[in-house]
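Student: I have a new structure to look at. Can you walk me through it?
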Amino acid sequence: MLTIGEFSNICKVSTKTLRYYAEIGLILPNEINPKNGYRYYSIDQLEKMLLINRLKAYHFSLEEIKTILESEELLDETLFTALNKKKKEITMQVEKFENTLEQIKSDILNLSQGKSIMSYLEHIDVQLVEVPQMYLLSIRKNVLECEFAEEYRICFGSLFQKIEERKLTADFPMVLFHSDEYSPFGLDTEFAIPIKEYVTGTRDFCPGLCLKTVVHGSYSQLSAVYTKQIEWAKKEGYENRDALYEVYITNPAEVSQENELITEVYFPVKKRSLKG
């Protein structure tokens, strides 16, 4: 048997942490002396503690680790599934850090050349286009920012299922943002798919005159695109007249890297009225 101090020293985990782990049921002392409350761990528990430390190093939460250890399935099978899922999450995080690093390098280069850190806006192309009427099959709901990825999957999954069942001809999926302002309580969002046939359950959508920007790469660029479009509209004498929307030319689930994403951003406009 090992005292809590010995166990702590071997595993490089503080006694305070071990007491907390016992509180939440992650790893319990093998024995507690009823007279003095001293805690003892068995040598067999060393490997369990090493596994916990390893999973923590892989950025599993304590709750996730506890779920893995308590799974009714074989531990190796549970670990295989959990590690593959975590690998995907970390790969996405690494990709985001790499994109951020490239942006930092670009900003440093611009500043070293005497340019503004915001000079990247100059490379965002804005076109004035006329978008024809289309028929939309859609789902509209309030969506929290943290729920958007999941709602994207659920809503478009449901819409594409209807399209398949009814043998309709679909175009690229799109999302319309009807909220007048950003809200932490949810955005008025419409998940829509244009279809060529006019059938029951669709609605007419007439975008008309729009500012259009094609974005190659991360969705993190979209705020910059909106900024550039609004600046362009103000400069050229236009104003917004309807919900802005995004068309997803590539499916996020089908690309391996963010730089493969292609998104079209549309900002419906009209000529600003002249006041006397």
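**A threonine and its surroundings**

Tutor: In this predicted model, a polar atom of the T189 side chain lies 3.0 Å from the backbone oxygen of L187. A polar contact is a pair of N or O atoms within 3.5 Å, one able to donate a hydrogen and the other to accept it; residues adjacent in sequence count only if both atoms are side-chain atoms.

Student: Which strand is T189 found in?

Tutor: Strand β7, residues 187–195. Strands are DSSP runs of E with at least two residues, helices are runs of H or I with at least four, and both are numbered from the N terminus.

Student: Is T189 buried or exposed?

Tutor: T189 counts as buried because its relative accessibility is 1%. Buried means under 20% relative accessible area, exposed over 50%, and partly exposed in between, with a 1.4 Å probe and protein chains only.

Student: And what does T189 touch?

Tutor: Leaving out residues up to four places away in sequence, T189 touches I139, R140, K141, V143, F148, V175, L176 and F177. Contact means heavy atoms within 4.5 Å.

Student: Now the whole chain. How many helices and strands?

Tutor: The chain has seven helices and twelve strands. Its radius of gyration is 27 Å, well over the 19 Å that the globule rule gives for 276 residues, so the chain is more spread out than a compact globule. That radius is taken over C-alpha atoms, and the rule is 2.2 Å times the number of residues to the power 0.38.

Student: How much of the chain is buried?

Tutor: 35% of the 276 residues.

Student: Anything on how this was worked out?

Tutor: Local features need pLDDT of at least 70 and side-chain atom pairs 80 or more, while totals for chains, interfaces and linings use all residues. Residues are numbered from 1 along each chain as its sequence is written, and side-chain values use heavy atoms, without hydrogens and water.
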